[in-house]
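Here is a short report on one protein model. Look at the structure first, then read on.

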Amino acid sequence: MSDPRMCPGVRETLRALREGRAVRVFIAEDAGEDRRHGTGEGVPLTRPVEEAARSAGVEIVTVPTMKALGARCGLKVRCAAAAELKPG
(Lines give C-alpha, C1' and ligand atoms only; values in the text may rest on other atoms or scores of the structure.)
Protein backbone atom coordinates (compact mmCIF):
# COMPACT_ATOMS: atom_id res chain seq x y z
CA MET A 1 0.00 0.00 0.00
CA SER A 2 1.38 3.41 -0.90
CA ASP A 3 2.02 6.14 1.66
CA PRO A 4 -0.54 8.96 1.15
CA ARG A 5 1.96 11.56 2.42
CA MET A 6 4.45 10.65 -0.33
CA CYS A 7 4.14 11.90 -3.88
CA PRO A 8 6.41 9.74 -6.09
CA GLY A 9 7.86 10.64 -9.48
CA VAL A 10 9.79 13.57 -10.91
CA ARG A 11 6.76 15.27 -12.53
CA GLU A 12 4.54 14.89 -9.49
CA THR A 13 7.33 16.09 -7.19
CA LEU A 14 7.81 19.18 -9.35
CA ARG A 15 4.07 19.82 -9.24
CA ALA A 16 4.00 19.50 -5.44
CA LEU A 17 6.90 21.98 -5.20
CA ARG A 18 5.20 24.46 -7.56
CA GLU A 19 1.98 24.25 -5.58
CA GLY A 20 3.75 24.66 -2.22
CA ARG A 21 2.59 21.26 -0.95
CA ALA A 22 6.04 19.68 -0.42
CA VAL A 23 7.75 19.79 2.97
CA ARG A 24 10.68 17.55 2.02
CA VAL A 25 12.04 16.10 -1.23
CA PHE A 26 13.76 12.73 -1.61
CA ILE A 27 16.16 12.04 -4.48
CA ALA A 28 17.69 8.67 -5.37
CA GLU A 29 21.47 8.81 -5.74
CA ASP A 30 21.41 6.22 -8.54
CA ALA A 31 18.85 8.05 -10.70
CA GLY A 32 20.04 8.13 -14.30
CA GLU A 33 20.41 10.88 -16.83
CA ASP A 34 17.86 12.43 -19.17
CA ARG A 35 19.30 12.29 -22.70
CA ARG A 36 16.19 13.48 -24.58
CA HIS A 37 17.42 17.01 -25.18
CA GLY A 38 19.79 16.06 -28.01
CA THR A 39 22.81 17.81 -26.51
CA GLY A 40 24.89 14.65 -26.48
CA GLU A 41 25.42 15.02 -22.76
CA GLY A 42 23.01 13.68 -20.22
CA VAL A 43 21.51 15.85 -17.53
CA PRO A 44 20.74 14.25 -14.17
CA LEU A 45 17.07 13.26 -14.28
CA THR A 46 16.53 14.79 -10.85
CA ARG A 47 18.27 18.13 -11.48
CA PRO A 48 14.98 20.06 -12.03
CA VAL A 49 13.69 18.69 -8.72
CA GLU A 50 16.86 19.73 -6.89
CA GLU A 51 16.74 23.23 -8.39
CA ALA A 52 13.03 23.70 -7.61
CA ALA A 53 13.47 22.44 -4.03
CA ARG A 54 16.40 24.79 -3.41
CA SER A 55 14.44 27.68 -4.88
CA ALA A 56 11.45 26.87 -2.65
CA GLY A 57 13.60 26.36 0.45
CA VAL A 58 12.50 22.73 0.77
CA GLU A 59 14.81 20.19 2.42
CA ILE A 60 16.45 17.68 0.06
CA VAL A 61 17.17 14.18 1.36
CA THR A 62 19.22 11.73 -0.68
CA VAL A 63 18.35 8.04 -0.70
CA PRO A 64 20.93 5.45 -1.85
CA THR A 65 18.82 3.74 -4.52
CA MET A 66 15.70 4.18 -6.61
CA LYS A 67 14.51 0.82 -5.29
CA ALA A 68 14.79 2.05 -1.68
CA LEU A 69 12.93 5.27 -2.53
CA GLY A 70 10.16 3.33 -4.27
CA ALA A 71 9.81 1.16 -1.17
CA ARG A 72 9.74 4.29 1.04
CA CYS A 73 6.78 5.46 -1.04
CA GLY A 74 5.07 2.08 -0.63
CA LEU A 75 5.66 1.13 -4.27
CA LYS A 76 6.93 -2.09 -5.79
CA VAL A 77 8.74 -0.14 -8.52
CA ARG A 78 11.78 2.12 -8.50
CA CYS A 79 11.43 5.87 -8.09
CA ALA A 80 13.93 8.68 -8.89
CA ALA A 81 12.32 11.43 -6.80
CA ALA A 82 9.45 11.91 -4.37
CA ALA A 83 7.98 14.63 -2.22
CA GLU A 84 6.67 14.34 1.31
CA LEU A 85 3.47 16.37 1.37
CA LYS A 86 2.16 18.71 4.01
CA PRO A 87 -0.54 17.18 6.21
CA GLY A 88 -4.11 17.79 5.20
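E84 is buried, with a relative accessible area of 13%; buried means under 20%, exposed over 50% and partly exposed in between, using a 1.4 Å probe and protein chains only. This is a predicted model, where local features need pLDDT of at least 70, side-chain atom pairs count only at pLDDT 80 or more, and totals for chains, interfaces and linings use all residues. Residues are numbered from 1 along each chain as its sequence is written, and side-chain values use heavy atoms, leaving out hydrogens and water.

**E84 and its strand**

E84 is found in strand β6. Strands (E, at least two residues) and helices (H or I, at least four) are DSSP runs, numbered from the N terminus. Strand β6 covers residues 81-85, and five of its five residues are buried. A81, A83 and L85 lie on one side. A82 and E84 lie on the other.

The E84 side chain makes a polar contact with the side chain of R24, at 2.6 Å. Such a contact is a pair of N or O atoms within 3.5 Å; within protein, one must be able to donate a hydrogen and the other to accept it, and residues adjacent in sequence count only if both atoms are side-chain atoms. E84 also touches other residues, including M6, V23 and R72. Contact means heavy atoms within 4.5 Å.

Two strands pair if DSSP finds at least two bridges between them.

| Strand | Residues | Bridges to β6 | Direction |
|---|---|---|---|
| β1 | residues 6-8 | three bridges | antiparallel |
| β2 | residues 22-28 | five bridges | antiparallel |

C7 stands opposite A83 in β6. F26 stands opposite A82.

Note on methods: Lists of a residue's contacts leave out its neighbours within four places in sequence.
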